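Q: I would like to learn how to read surface patches, salt bridges and the nonpolar core. Please take the surface first.

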Amino acid sequence: MSKAQNLEFFIECKDYTVSGERFQLLHDDELEMLITTPKPNDSDLSKYYQSEDYISHTDSKRSLFEKLYHIIKTYSLNKKVKLISKLNKSTGTLLDIGAGTGDFLALAQKKGWNVKGVEPNDHAKKLARQKGIDLESKTEKLKTEKFDIITMWHVLEHISDLENQIKEVKRLLKFDGHLIVAVPNFKSYDAQYYKSFWAAYDVPRHLWHFSKNAIRILFKKEGLRLEKIRPMKFDSFYVSLLSEKYKTGKMNFFRAFWIGLRSNMKGIQSQEFSSHIYILKN
């Protein structure tokens with residue numbers, strides 16, 4: 001980010017998925033967000049995604065964990081399509097940025113939406129193509145189109161040039177259109193419990209770690225108003241399960257379930273859940 005920042009050390013984390021490298025998270029006091037440091041060069045970022053264990057770029061169901069992930073994913077996809085249909089009061093034009101293997105767009109298309117998607121990962125794009133979804137590599141390729149709904153499901157934290165991406169969303173969104181952003185919340189109970197082992201830090205693939213205040217301020221600069229915040233209650237269980245693996249070397253299902261449940265219970269009081277869905281309007 002281009003402005004001069006007041007940054008303080010917050011925590012050090014390890015990349016458990018690919019490299020084993022360690023990164024620091026620095027706290028931006030003004031925005032109430034964390035910044036992964038050192039930030040990899042754009043040319044180096046792709047190597048941190050080169051793993052069959054990077055689950056959003058695969059349709060694999062090899063392990064019990066992956067099978068559970070895809071069961072929850074199917075349930076969540078239906079809820080996502082219901083959400084966009086309710087917001088738009090019907091079907092319409094949909095852009096999914098960071099579309100992964102295309103499952104959300106495929107379901108939305110089946111429900112009558114006119115869909116487009118963006119995904120930089122070639123392997124994920126290939127899997128999406130097999131489902132009848134052709135994805136662009138970047139939003140700049142969409143020259144004149146405007147969309148009723150733009151979605152970014154756990155994508156914003158991966159974007160290298162945050163300011164430019166927000167400007168692109170503004171450019172592509174229709175007047176009165178809605179933007180949906182889902183991101184992890186480092187202020188949740190499960191984040192505080194697992195500390196450096198919290199799987200949703202996912203350094204260095206997650207370059208930014210947002211609070212409610214950060215989302216509100218960053219998008220307000222481009223004239224996008226935060227309307228609603230919704231919890232993603234399944235995320236606390238999924239993240240806790242992966243965090244247990246990082247912390248103890250094995251997936252302790254009972255412990256992960258208990259921490260995930262506690263996170264949701266505490267979230268009801270604090271309104272700080274493991275992940276949030278932010279609904280913004282142009």
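**Patches, pairs and core**

A: F257, W258, L261 and M265 form a nonpolar patch on the surface, and together they have about 400 Å² of accessible area. This is a predicted model, in which local features need pLDDT of at least 70, side-chain atom pairs count only at pLDDT 80 or more, and totals for chains, interfaces and linings use all residues. Residues are numbered from 1 along each chain as its sequence is written, and side-chain values use heavy atoms, with hydrogens and water left out.

Q: How is a patch defined?

A: A patch is made of residues with over 30% relative accessible area and no salt bridge; like charges are joined within 9 Å, and nonpolar side chains (Val, Leu, Ile, Met, Phe, Trp, Tyr) within 5 Å. Accessible areas come from the Shrake-Rupley method with a 1.4 Å probe, and for residues only the protein chains shown count as cover.

Q: Where does M265 lie, and how accessible is M265?

A: M265 belongs to helix α9 (residues 253-270). Helices (H or I, at least four residues) and strands (E, at least two) are DSSP runs, numbered from the N terminus. M265 counts as partly exposed because its relative accessibility is 47%; buried means under 20% relative accessible area, exposed over 50%, and partly exposed in between (1.4 Å probe, protein chains only).

Q: Which residues form the positive surface patch?

A: For charge, Lys and Arg count as positive and Asp and Glu as negative, while His and the chain ends are not counted. The place of a charge is taken as NZ of Lys, CZ of Arg, CG of Asp or CD of Glu. Here the positive patch consists of K79, K82, K86, K89, K110, K111, K228, R230 and K233. Two or more of its residues come from each of α2 (64-88) and β9 (225-231). The most, three residues, come from α2. K86 is in helix α2 and is exposed, at a relative accessible area of 62%.

Q: How many salt bridges does the structure hold?

A: Side chains of opposite charge can pair when their charged atoms come close. A salt bridge is counted when a side-chain nitrogen of Lys or Arg is within 4 Å of a carboxyl oxygen of Asp or Glu. The structure holds eleven. In one of them, K187 pairs with E32, with the closest N and O atoms 2.7 Å apart. K187 is in the loop between β7 (173-184) and α6 (189-194) and E32 in the loop between β2 (22-28) and β3 (33-37), so the pair ties together parts 155 residues apart in sequence.

Q: What parts does the pair of K116 and E145 tie together?

A: The closest N and O atoms of K116 and E145 are 2.4 Å apart. K116 lies in strand β5 (residues 114-118) and E145 in the loop between α4 (122-129) and β6 (147-153), so parts 29 residues apart in sequence are tied together.

Q: Which residues touch the most other members of the largest nonpolar core?

A: A nonpolar core is a set of buried Ala, Val, Leu, Ile, Met, Phe, Trp, Tyr and Cys residues joined through side-chain atoms within 4.5 Å. Among the 33 residues of the largest one, I150, L156, L179, F210 and F219 touch the most other members. Elements that each supply at least two residues include β4 (93-97), α7 (212-220) and β10 (275-281). The most, five residues, come from α7.
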